[in-house]
Amino acid sequence: MPETKGDLTMAVKDIAEAVAVFDRVKVVELVEAEIAAKTEIDEILNAGLIDAMDIVGKRFSSGELFVPEMLMAAKAMKAGLEVLKPHLSAGAVAAKGTVVIGTVKGDLHDIGKNLVALMMEGAGLEVVDLGVDIDAEKFVKAAVEHNAGVVALSALLTTTMPTMEIIVAAIKEAGIAVKTIVGGAPVTEAFADQIGADGFSTDAPGAVELTRKLLST
Amino acid sequence: MNAAERMKAAINMEPVDRVPNGPFYEAPICQYYGSSFRAALLEDQAMADAHLAGLDEFKFDWVMVGMGLIGGIIPEALDCKVSYPEDVFPIIEETTIKSIEDVARIAKSDMFTKRMDRFLKGIAILKRELKGEIPIACEYISPFTIATRLRGTNEIMMDMYENPDLVRDLQEVLVPLNIEVGKALIEEGVDYIFYGADMECPILLSPKHYKDFVDEPTTKVCNELTRLGAKVLPHMCGSIVETGIVDMLMKMDIHGIMPGNLTQETVLDIRELKEKVGEKICIFDNINPNGPLLIGTPEEVAAETRAHLENAKGMSGYIFSTAGTSSPNIPKENYLAMNREVLNFQ
């Protein structure tokens, strides 16, 4: 019998710990070992990789970790996810929902958007990252094409915040059943309410929680 | 007191006749008065015209230029591909540092491109027109923040773990280039260097990484710009007191601190900052440029402005300001409402 921590095998917990210390070589080795040992794929994904990013996200929110650490952890998690992907059932990831994300037109800043995208991937969501400088037409097109549940808009510049309003309006006008969330350093809840967005978060872990909530409603 | 005297007195912790008014006003003023937004950011005469018109109506205590410089001109001189749309800030289309081997190439950059010359000419026009009565401040960026523009933010952030030599080597070659640009700005008439440290703020980087990667190049640049005659004013968002960043900044030859509060989570009470800096350096206030100023009514803006001014009442070395770049989309009546409160505050 493998050693256990609660309901989980020690080795799966080790995957989460390897993600938390950004050791992607070890993450890959451990994921491969667990696959070979016939551990449930969902358990490796959820308790090994997704839980790890949840923990990292909480440490980021509490000010214990910063952006470089988040990026490094996400990189380690993605390395493990790449190993796991061929073994996931077709619906396993899509079932958690699809998010279209991008930085709005006129804004080239991608650090916040990338963090949110990485955290969402870490949470098992399918993420369609459109990149930066994205206009309303591209957001609407991608939301339809990928049957997205949530469209996430990012802006760092105060100057590009008004573009969020244009994009939210375009999505509503297109009549597609998708929720919109907004974020970025200058964005406030009041601003999100004013432009008619469905949600707002101050940070990447919060955006993941918000997305999970919106997808479940 | 004229504006130059008022700002100088505040920086020196001396009494002032009223609160000095030094917001980050460039974007809205370029929008209100520019022949085009791009021209007002970049092109000598258009830039000067927009600022002079803004000063005429708003009575700011300084001219603040430089968003085109830090957003486009400097990255372009350092080999980034930059586009200059008519109605928004310059956009870096392509970064230039793919590996550590590219760093040596950057070291040979000629910073004095045609765009740089036009920008410097704009400062010279302003200097001539203002006759020394209103000081000129210029936005400027740290070697670390430039590095993120040349290499990509995510890449630099991960390089600190995976490729630390690149982060250090790149900043090492950027320090003298930064100083060259700063020297030219000062020679053309810039009085205040607003030292933007966007990417090393404690919202993004740990104090440990700041100490390991940023402190030394920042100290070199700030100290040299001060030696060249400028008043150096670092701007940084986040919890600079709690994280100890302010202690590192105060070891440098600087004259003031401009704390940011672009996120609601990290609003810094300037009374807390004052306790820390005492009478050593001045403090710029940090009214949120994305709050009522952007989306509220003039009455709400006036109330928020009054609250900030009341909080700082009697504080030596206090200069009213916004916590960062103001949006060009701020309604003019809101900006005027903020301005009125500052000018009339007793």
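**Strand and helix labels**

Modeller: This is a predicted model. Take strand E3 (residues 98-103) of chain A: six of its six residues are buried, so the rest of the structure largely encloses this strand.

Biologist: How do you know that both faces of E3(A) are covered?

Modeller: A residue counts as buried if 20 or more other C-beta atoms lie within 10 Å of its own. Thr98(A), Val100(A) and Gly102(A) on one side are all buried, and so are Val99(A), Ile101(A) and Thr103(A) on the other.

Biologist: What makes E3(A) and strand E4 (residues 126-129) of chain A a pair?

Modeller: Pairing needs at least two bridges. E3(A) and E4(A) have four, in the parallel sense. Ile101(A) has Asp129(A) as its bridge partner in E4(A).

Biologist: How many bridges join E3(A) to strand E5 (residues 150-154) of chain A?

Modeller: Five, and the two strands run parallel. In E5(A), Leu153(A) is the bridge partner of Gly102(A).

Biologist: Which residues make the contact?

Modeller: H7(A) supplies Ala136(A), Phe139(A), Val140(A) and Ala143(A). H8(A) supplies Ile166(A), Ile167(A), Ala170(A), Ile171(A) and Ala174(A). The contact of H7(A) with H8(A) has nine nonpolar residues, no polar and no charged.

Key
Residues numbered from 1 in each chain as written. Chains lettered and ligands numbered in written order. Predicted model: local features only at pLDDT ≥ 70, side-chain atom pairs only at ≥ 80, totals over all residues. Contact = placed C-beta atoms within 7 Å. Nonpolar A, V, L, I, M, F, W, Y, C, P; charged D, E, K, R; others polar. Buried ≥ 20, exposed ≤ 12 C-beta atoms within 10 Å, placed from the backbone.
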